[in-house]
Amino acid sequence: MHNVLIAEDEAHVRRVLRMSLTRAGFNVGEVPDGQAALEAIRSMQPDILITDIKMPRLDGRDLCLRILDEFPGRAFPIVVMTSSVEREHREWSHNVPGLWFLEKPVSPRALVVLLNEIIATETAGL
Amino acid sequence: MHDWKRQNFGVWMIAASMVVTAFVLVIVLHHERDLLTQQVRAQGGDLSRALSVSRISPLTAQEQGYRPLQALTQGPMNPDLAYITVRDTLGTVHHELTAAGVLAPEFNLPTTPASWVGQSERALPSDGRAVMEFHAPVLRQGELVGFIQVGMLRPGLDVSAGKAGMFANIAMAIFLLTLVYYLLIRRETKPLSNLTRQLELHSAENGFQKLDLIASGCIGAFVQNFNRLAEDAQGRMRDLETRNEDALVATRVLAYKRARLESVLDALPDAVLVLDAEGIISFVNAKCATLFQSSEEDMTGTQPHLWCKNSKVLGFIAERTGNVARTFRSDTIEFSLVDQPEAHLRLSACPLRAPNQDQHILGTMFVFRDVSREHVAEQARADFVAHVSHELKAPLNVLAMYSETLQDANSDERELIVDAANVIHDEVDRLAGLINNLLNMTSIEMGTVTPKRSRVKLQDLISDVFEQARRGDRDGDLTFELNLPRDLTPVQLDKELFRVALNNLLSNAVKYSREQGIIRVSAVETPAGIEISVWDNGVGISEQDQQRIFDKFYRSDDHEVRARAGHGLGLTLCREIVRLHSGELRVRSEPGKYTEFTVSLEKDAGLLKQAI
């Protein structure tokens with residue numbers, strides 16, 4: 001059972017993702033912002049991190065950079081949910097390994113498919 | 001000076017007349033003398049010849065006197081006669097007749113018969129007086145026996161008292177003549193002095209007036225010509241004065257027009273800068289001088305790069321001055337001031353062509369327009385669009401995700417289906433609410449909304465909205481309190497709009513309440529107006545946020561706020577609606593304690609509108 005952490009400020013989105021991922025067999029944790037996500041990761045690193053970009057306190061981009069900083073040998077991949085506008089400002093992501101992008105509106109189906117893909121790649125790559 | 005000359009003239013006249021008189025007198029005297037001399041000469045000659053041919057007795061010592069001589073001495077003697085001597089051939093004097101005190105001079109015996117009769121000039125030995133001497137021979141029977149010597153005094157100028165009368169008469173005549181001439185001359189020249197006096201007066205008066213004189217002859221002609229000249233000159237002067245006045249008026253009109261034009265240019269809200277064909281500043285209006293922090297005097301005649309340090313602007317200007325000016329590319333650029341980044345200016349250029357000569361460029365006019373407000377408005381619009389898109393996307397996202405969930409749900413996942421359906425329902429509401437808010441707000445802002453006022457019983461409206469809010473609280477853990485007086489003076493309101501405003505306030509109160517929260521709605525009537533208050537003991541609003549909650553799309557960063565859905569338009573709309581009704585919306589709050597929104601409506605305004 002893989003542990004998935006969802007960082008998303010919109011409650012509804014968190015909810016529907018949690019529902020979908022739980023049904024898909026993941027163990028889902030959720031936090032409302034980047035700061036909470038960082039704290040959660042410190043206490044326990046997830047298998048996959050799913051994060052939004054626009055969040056209060058610490059946004060998705062800064063969260064990724066902080067993770068890069070604090071956990072240089074991190075094992076878990078990060079899925080970033082991004083809007084088309086943010087697509088243009090993705091230069092920061094080039095230095096971050098293990099980063100995947102998913103366009104909003106996020107289809108829960110597509111997310112599940114992606115997660116499975118990532119897991120497959122990881123296990124294969126290892 | 002004039003009188004001195006005149007006096008001098010008289011003196012000269014007198015002197016001249018005296019000279020002429022003397023001259024005349026001298027001539028007369030000389031003439032007289034000459035006549036006398038001739039006379040005397042003739043007498044002398046006659047006498048000597050007469051004596052020589054008269055019978056003379058033989059020259060003997062006994063002869064008592066010489067008869068002719070005796071004859072002469074008997075009568076009065078000719079005063080001119082100086083001496084008569086009768087001599088023999090040896091020269092011895094035989095008879096003699098002399099004037100008193102006169103000695104006869106020696107006789108020069110003639111040597112030849114040819115010189116027996118003759119005349120010579122002698123001088124008296126006694127006193128040297130000039131004498132005309134005549135000698136003639138004495139002949140007896142054709143034989144020379146002796147000589148006659150006659151000496152006649154040469155007459156001099158006879159200035160004797162007897163002449164005085166004649167001389168006086170002559171002098172008088174000449175003097176009178178002179179006087180007459182003098183008077184005649186004076187008479188002739190009198191007009192001239194009159195003229196001179198008039199001219200002197202004229203030059204003092206600065207006029208070219210005609211001479212007032214009746215004269216004849218040359219002076220008359222002169223006066224006529226002068227007067228004609230004066231008339232011409234006057235005419236010309238009038239002409240010139242008229243032209244001068246016209247020129248002055250034209251200059252003044254020109255100056256006025258120029259001043260008016262300059263004040264128009266100075267009143268322009270835009271800054272105007274004109275460069276001539278060489279790129280030198282030829283004109284700046286007041287706004288332009290202010291823009292470049294200088295003055296019109298300092299800037300005119302200099303080059304723009306002295307005042308403007310913006311390379312973009314200088315480049316733009318350089319491209320459009322001089323020969324290059326003929327081919328303009330883009331005509332405007334925008335830039336912002338270095339020291340005021342929020343000040344945006346739009347610079348446009350326009351070639352100044354010579355009238356009727358399209359090819360001849362006189363210079364270029366640059367206009368700087370303050371477009372800060374447009375810029376801000378553009379910015380605001382862009383922001384608005386971005387916000388709206390973002391706000392619309394959020395519920396759409398949720399709708400997409402949940403509808404997908406529904407699609408994948410199994411028929412036995414009842415809870416999931418119900419949950420999803422509820423969420424979809426709420427999001428649709430939220431979306432609809434957002435769209436309504438947006439539409440309302442845009443209408444109010446654009447001024448296309450005219451509130452449809454009707455007499456509204458506020459207590460009914462408030463109760464209505466209150467009930468709606470209470471029903472909307474699904475969780476059911478909130479306490480709702482309503483505090484209304486029995487009667488509230490009816491006010492003129494747009495019922496629907498006001499309902500929207502109250503609704504927003506109540507839904508906010510519900511949204512931001514905490515568990516087991518209380519929501520209190522009350523209304524109070526004062527002499528001035530009516531106050532409606534919505535109170536909750538929910539999350540509260542910080543001091544900083546209180547400043548901004550009425551801004552469009554503003555949502556606090558507070559996590560309590562972010563945890564709840566919202567798009568930041570509700571309070572903006574409320575305020576607009578309340579303002580539309582000439583009311584005021586205020587907030588008081590303490591984070592974590594309570595929040596109270598108060599709507600104040602002026603009764604007077606309401607009633608006034610009613611009266612209208």
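**Note on chain B and its interface with chain A**

1. In chain B of this predicted model, residues 24 or more positions apart account for 57% of the contacts (heavy atoms within 4.5 Å) with a separation of 6 or more. Chain B has 15 helices and 17 strands, taken as DSSP runs numbered from the N terminus (helices H or I, at least four residues; strands E, at least two).

2. Of the 612 residues in chain B, 36% are buried, that is, under 20% relative accessible area with a 1.4 Å probe, protein chains only.

3. At the interface, 22 residues of chain B are in contact with 20 residues of chain A. Met401(B), Tyr402(B) and Glu404(B) supply 32% of the area that chain B buries against chain A, more than any other three residues. The two chains bury about 1800 Å² between them, 53% of it on carbon and sulfur atoms; this is the accessible area (1.4 Å probe) lost on being put together, summed over both.

4. Four salt bridges cross the interface, each a side-chain nitrogen of Lys or Arg within 4 Å of a carboxyl oxygen of Asp or Glu. One joins Glu10(A) and Arg430(B), at 3.6 Å, N to O.

5. On the side of chain B that touches chain A, helix H8 (372–408) and helix H9 (414–446) each supply at least two residues. H8(B) gives the largest share, twelve residues.

6. Residues are numbered from 1 along each chain as its sequence is written, and chains are lettered from A in the order in which they are written. Local features need pLDDT of at least 70, side-chain atom pairs count only at pLDDT 80 or more, and totals for chains, interfaces and linings use all residues; side-chain values use heavy atoms, leaving out hydrogens and water.

Terms used:
Buried < 20%, exposed > 50% of the residue type's maximum accessible area, 1.4 Å probe, protein only.
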